[in-house]
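Open the model in your viewer and keep the selection panel at hand.

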Amino acid sequence: MEGAVTRQGLEAHLQVVVTDAFRLEIQLSIPPGKTIALLGPNGAGKSTAVSALAGLRPIDGGRIELTGTVLDDPERAAFVPPEQRHIGVVFQDYLLFPNLSVLENVAFGLRSRGVARDEAVTRSETWIERLGLGGLGVRKPSQLSGGQAQRVALARALVTEPDLLLLDEPLAALDVTTRAELRRTLAEHLRTFPGPRLLITHDPTEAFLLADEIHVIEDGEITQSGTADEIRLRPRTAYVADLVGSNLFAGVADGGRVETAGHHLHVADTDAAGDVLITIRPTAVSVHLHEPDGSPRNTWPTTIELIEPLGERTRLRTGGPLPLVIEITTEATRSLDLAAGTDVWVAVKATEIGVETDRPVSQRSGSRPDAAGGRP
Amino acid sequence: MSISTPERRRVRSRPPVFLVILGILGLAIFVIPFVGLLARVPWSDLPELLTSNIVVDALRLSLLTSIAATALAAVLGVPLAWLMARVEFPGRAIVRGIVTLPLVLPPVVGGAALLFALGRRGLVGEPLYEATGLVLPFSTWGVVIASTFVAMPFLVITVEGALRNLDQRYEGAASTLGASKWTVLRRVTLPMIGPSLLAGLVLTWARAFGEFGATITFAGNLQGRTQTMPLAVFVALESDRDTAVAISLVMVVVSLVVLIALRERWWKAL
C-alpha cells in the first residue's frame, strides 16, 4: 500500500474499533475532481468514516493522507486535529449554528482561520448568492426551509476552499421534491469543486447520479466497488441486489410517454416533459410465456439472458430492446420453466415506472452508458 | 352539533376535583406567608423605615455581595461544570456529590466548615493570613465566599446538565471549520447553552441574595460590612418588628421581580 501512495487526492486506510463487536476497516482512494460514494445501510460505519476523515475521531489503525500530507497515522503517532485539516464537511442535519445568522454561519470558517472580517463577509456573500440564498443572510437557521438550510451548509463547507469535501447524507433530511432540486444544485457544485469528494449516502439514486464510482459498505467493510453499472448489473451480495437492483434509464418524456433508446414506455406521470430518468423496480416486472392481455400497457418480447437464484426469489436479466433486471419468485421461475435463452414477454404497469425530472451528472462525459439507455 | 361540541370539550378538559383542591392547598403554602407579611406592613412609615441607615447599608451590601458571588460562581463554576460534563476522570461521581452537598447541608454547618478552613487559625486561613495578611472571616469577602459556597451548586448543576444535553456534533462541526478549542467554546458552546447559563446565574444570584446561615456563622453580623438583608431582618425581629417587615418586603419584591422577569427563559432551559 505504501508504495502506491499518490501525492494528489485522498489516500485513506481506515481502521476504527467502534465497539467490541463492530469495527470499520475500509480503503479509500479519491483523486482530485472525482466523487466517490460510500453507499450502505444505517449502522454500516459510514458516519464513522466521516468522523475519522474529518479528525473528529482518531483512527485505531491505518493511515489518512490528503494531498501528500499525513493527517492520521497511529503507528507513527501522527495526528492533525480537525481544525488544522482543512476538510469541508456537509453534515447530516447540516448542524448550522442556531445562534448565528446565515451569513455568520457561512463566514464562520473564514473567521476561524483568521480571515479579516470584511473579506470574510464579502466572500461569504458571494457564496450565499451563488447558492441562490440572496437576501437570507440575516436569517437564523430556524427560519430556513430544509432546502435552504442544506444550501447554507454547502456554502459554509465550500467557502473555505477545502482540500477535501465530505458530504454526509446531504439530501436525506429533505422531502422528495426539494431533494431532486437540491441534487441538481449539489451536482453542479461537485463538478466545480476541484478536490476529491466523498459522498455518504444510503440512497442508490443519489449515488448513481452524483458519484463517479461507488463503494458499497456493509458491516464496516466495503463489499463491492465499481461504477453504477457494474454494481447495478452484477450485485455481489443480497444487500447490494436489494439496494441497487433498480432499472434506471435516461429518456425523453412527452405527455405520458417516455422514449428511451428507441423504445416507448407509457408512464403514469403525464406532466413530465423533456429529459427524465425512469426507474423500474425489479419486482414490478412480470414475465409471461405468451403476449399478455389486460391492464399492463407496456409489454414487449425479449429473451432471458441470465438467471440467478437468490433463495426464494430469482433474479433474471433480459436482453433488448430494453435490458431489465427482474426479480420473481423461484416458484414462478420453475412453473414457467425459465432458463437462459427462453423467449418471453415482459410487462410493466405504467404506474410502476418512476419518473424523475433529472439528468445524470456525467451523462455527457459518457462514463455511464446505461444512463443513456445503452446495453450493459 | 354546534351546541354539543363546545360542551363536550369543556367536560373533557375539566381537571379532576381532588387535584384542583390539593393543588390550591399547595399554592396556599407559598402564598399565605406573604399575605401575612403584607398584612403587617406599616405602609405609612415605609419610606422612613426603608431609608434608615441599617436598611440602606444592608441592601447595598446584599446587592454587592450577591452579584460578586454570582460573578465568582460564573468564573469558577462554568469550568467546573465543563470538566464534570466532558472529562472522564476517576472519582467523577464523588465530585458530583461534593458539588451538590451545599444544597442539602444546613448552611450553618457550611459556615462552620468555612470557619475551620479559612479562619485565621484555619487549615488554609492561617498560611493565607501569614502570607498576605488577608483575613476572610468577619469581612465582606467572607460574605461573598459564604454566598458562593451555598449558591454555586445551582450554576454548576444547571450548566453541567446543559453541556451534557448539548449535541456535541455542533462543536465538531465548528472544529472542522477551523475553530480552535477556545473559539468553539466562545462562539458555539457557550451561546448554545446560553439560556441554561442564564437560568443558572439567576438561581445562583437569588440563592446568594437570600443567604443567611453560612454568612452569619462565617462572616458575622457587622452593619455595613457583613450585615446583609437577611441578617438585618433577623436582628430587627428582636428589636424593631416594623423594620424587619419592611426589609422582608424589599427582599420579596426584588426576588420576585427578578424571577418573574427571567422565568420564561429559565423554565425553557431547565
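Helices (H or I, at least four residues) and strands (E, at least two) are taken here as DSSP runs, numbered from the N terminus. This is a predicted model, in which local features need pLDDT of at least 70 and side-chain atom pairs count only at pLDDT 80 or more, while totals for chains, interfaces and linings use all residues. Residues are numbered from 1 along each chain as its sequence is written, and chains are lettered from A in the order in which they are written.

Start by selecting residues 92-104 of chain B: this is helix 5, and B:Leu101 sits in it.

Next, colour chain B by domain, with bounds from an automatic or database domain assignment: domain 1 is 1-40 and domain 2 is 52-269. Their centres, taken over C-alpha atoms, are 35 Å apart.

Then show where the chains touch: 16 residues of chain A and 15 residues of chain B take part, a contact being two C-beta atoms, placed from the backbone, within 7 Å. On the chain B side, select helix 9 (169-176) and helix 10 (181-192), each of which supplies at least two residues. Helix 9 of chain B gives the most, with 7 residues.

Finish on chain A, where you can pick out 9 helices and 21 strands. Of its 376 residues, 42% count as buried.

Methods
A residue is buried if 20 or more other C-beta atoms lie within 10 Å of its own, exposed if 12 or fewer, and partly exposed in between; C-beta atoms are placed from the backbone.
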